[in-house]
Amino acid sequence: MSEIKELQAVSNVCNQLKKAAGCEFVALALQNEAGPDVRWHFAAGNLNDKYKRITVRFGKGIAGKIISSGSPMEMVDFPNDIIGKITDHPIMLAEKLVSTYAVPLFFNAVPKGVLLIGNREKHIFSERSHELVKESAHLLEQILKSHILRL
């Protein structure tokens, strides 16, 4: 797999989403080619590079839960509105995020990735922001399909 961060089109989509949605952070996670674990591959508006070292198990953390369920997920007041331990959400801790909205990326009708937007204060993302994230996720599916999938 080529490095996702090297794809200018991915960077463009994420930076445009960050600006259009008025959020502080945008990140892309993908399930590993081998095994069920999920890793964050790209971030815009990040405070540090910790996201590159975060790997979560299938079904754990925001990315793992979205890939296992295939459904969008929103957090408004982390860590006050979570089920489970705060350490199950390393991207929230690493980036000091309080609110997020994230959607799955589908490849061959199977959820294999996550696009997340976030803010470092309590925030409810609008329906327009939800639509922007879904549109950007669809663009990323098209961009990444030829680069990463050999399913």
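## Cysteines

The sulfur of C14 lies 9.8 Å from the closest cysteine sulfur, that of C23, which is too far for a bond. With a disulfide taken as a pair of cysteine sulfur atoms within 2.5 Å, the count here is zero.

C14 and C23 both count as buried, C14 at 0% relative accessibility and C23 at 8%. Buried stands for under 20% relative accessible area, exposed for over 50%, and partly exposed for what falls in between, using a 1.4 Å probe and protein chains only.

## Model and confidence

Please keep in mind that this is a predicted model, where local features need pLDDT of at least 70, side-chain atom pairs count only at pLDDT 80 or more, and totals for chains, interfaces and linings use all residues. Residues are numbered from 1 along each chain as its sequence is written, and side-chain values use heavy atoms, leaving out hydrogens and water.

The chain has a mean pLDDT (the predictor's confidence in each residue, from 0 to 100) of 91, and 95% of its residues reach 70 or more. Helices (H or I, at least four residues) and strands (E, at least two) are DSSP runs numbered from the N terminus. Confidence is lowest in strand 3 (residues 55-56), at a mean of 90, and highest in strand 5 (residues 99-107), at 97.

Six strands make an open antiparallel sheet in the order 3-2-1-6-5-4; strands pair if DSSP finds at least two bridges between them. Strand 3 and strand 4 (73-75) are at the edges with a single partner strand each, so one side of each has no neighbour in the sheet.

Strand 1 (residues 25-31) and strand 2 (residues 38-44) run antiparallel, joined by six bridges. A27 faces A43, and A29 faces W40. Six residues separate these two strands in a hairpin, and G35 in the turn has a positive phi of about 95°. Strand 2 is mostly covered, with six of its seven residues buried. Two bridges link strand 2 to strand 3, where V56 is the bridge partner of V38.

## Helix 2

Helix 2 (residues 61-69) lies across strands 1, 2, 3, 4, 5 and 6, at about 140° to strand 6. Such angles run from 0 to 180 degrees between N-to-C directions, with axes fitted to C-alpha atoms, for helices over the stretch in contact; contact means heavy atoms within 4.5 Å. Its buried residues include G61, I62, A63, G64, I66 and I67. Just after helix 2, G70 takes a positive phi of about 75°.
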